[in-house]
Amino acid sequence: MIKEIVINGLHIHDIASFYEEINRVFMSNEDWKIGQSLDAFNDLLYGGFGAMENGESVKFIWENAENMKKALGYEVTKTYYEDKLKPDAPFNSNYFREKLIALESGSGETYFDLLRSVVETHPNIELVLV
């Protein structure tokens, strides 16, 4: 039997609330939470802590995905990239500048798209958007 893990897009209004929902669903039995990071989200999906075992087959259901897609769309993503480009930010500014330019031209990924891409790199996880 494949484990089902459900997050509710109605709880998601921005990047911070996405991670709050992920921690609520995945980390309820842990005494720590993951941070607001795509890398941390990716690590979580490998399993071994939280709601997933290592390599466990999972159906990951994103309920109200359309709400989540809007909440993590263009404006939130633009702000995310702009924050990465602040003068004291320790990030690769060329990389994030290219990402921002692509987003502004209509060919870039939104934060929602980035999250989907992370999930889709895990062959043991079936992503279902409803």
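Good morning. The model is a predicted one, in which local features need pLDDT of at least 70, side-chain atom pairs count only at pLDDT 80 or more, and totals for chains, interfaces and linings use all residues. Residues are numbered from 1 along each chain as its sequence is written, and side-chain values use heavy atoms, with hydrogens and water left out.

I begin with the overall fold. The chain holds six helices and three strands; helices (H or I, at least four residues) and strands (E, at least two) are DSSP runs numbered from the N terminus. Along the sequence their order is β-α-α-β-α-α-α-α-β. The radius of gyration, taken over C-alpha atoms, is 15 Å, close to the 14 Å that the globule rule gives for 130 residues, so the chain is as compact as a globular protein of that length. That rule is 2.2 Å times the number of residues to the power 0.38. Along the principal axes, the C-alpha atoms fill a box of roughly 45 × 30 × 25 Å.

Next, the strands, where two count as paired if DSSP finds at least two bridges between them. Strand β1, residues 3-8, runs parallel to strand β2, residues 58-63, and six bridges join them. In this pairing E4 stands opposite K59 of β2. Strand β2 also pairs in the parallel sense with strand β3, residues 125-129, over five bridges; there V58 stands opposite I125.

I turn to the interior. Of the 130 residues, 39% count as buried, that is, under 20% relative accessible area with a 1.4 Å probe, protein chains only. The largest nonpolar core has 37 residues; such a core is a set of buried Ala, Val, Leu, Ile, Met, Phe, Trp, Tyr and Cys residues joined through side-chain atoms within 4.5 Å. Those with the most contacts inside this core are F18, F26, F41, F60, W62 and L115. Setting aside residues up to four places away in sequence, F18 touches I7, I12, F41, M68, L72 and L115, a contact being heavy atoms within 4.5 Å. In soluble globular proteins, nonpolar side chains tend to be buried together.

Finally, which residues does L114 contact, leaving aside its neighbours within four places in sequence? They are L38, Y81 and E109. L114 lies in helix α6, residues 111-120, and counts as buried because its relative accessibility is 11%. L114 and K99 are 15 residues apart in sequence and 11 Å apart in space, C-alpha to C-alpha.

How values were computed:
Buried < 20%, exposed > 50% of the residue type's maximum accessible area, 1.4 Å probe, protein only.
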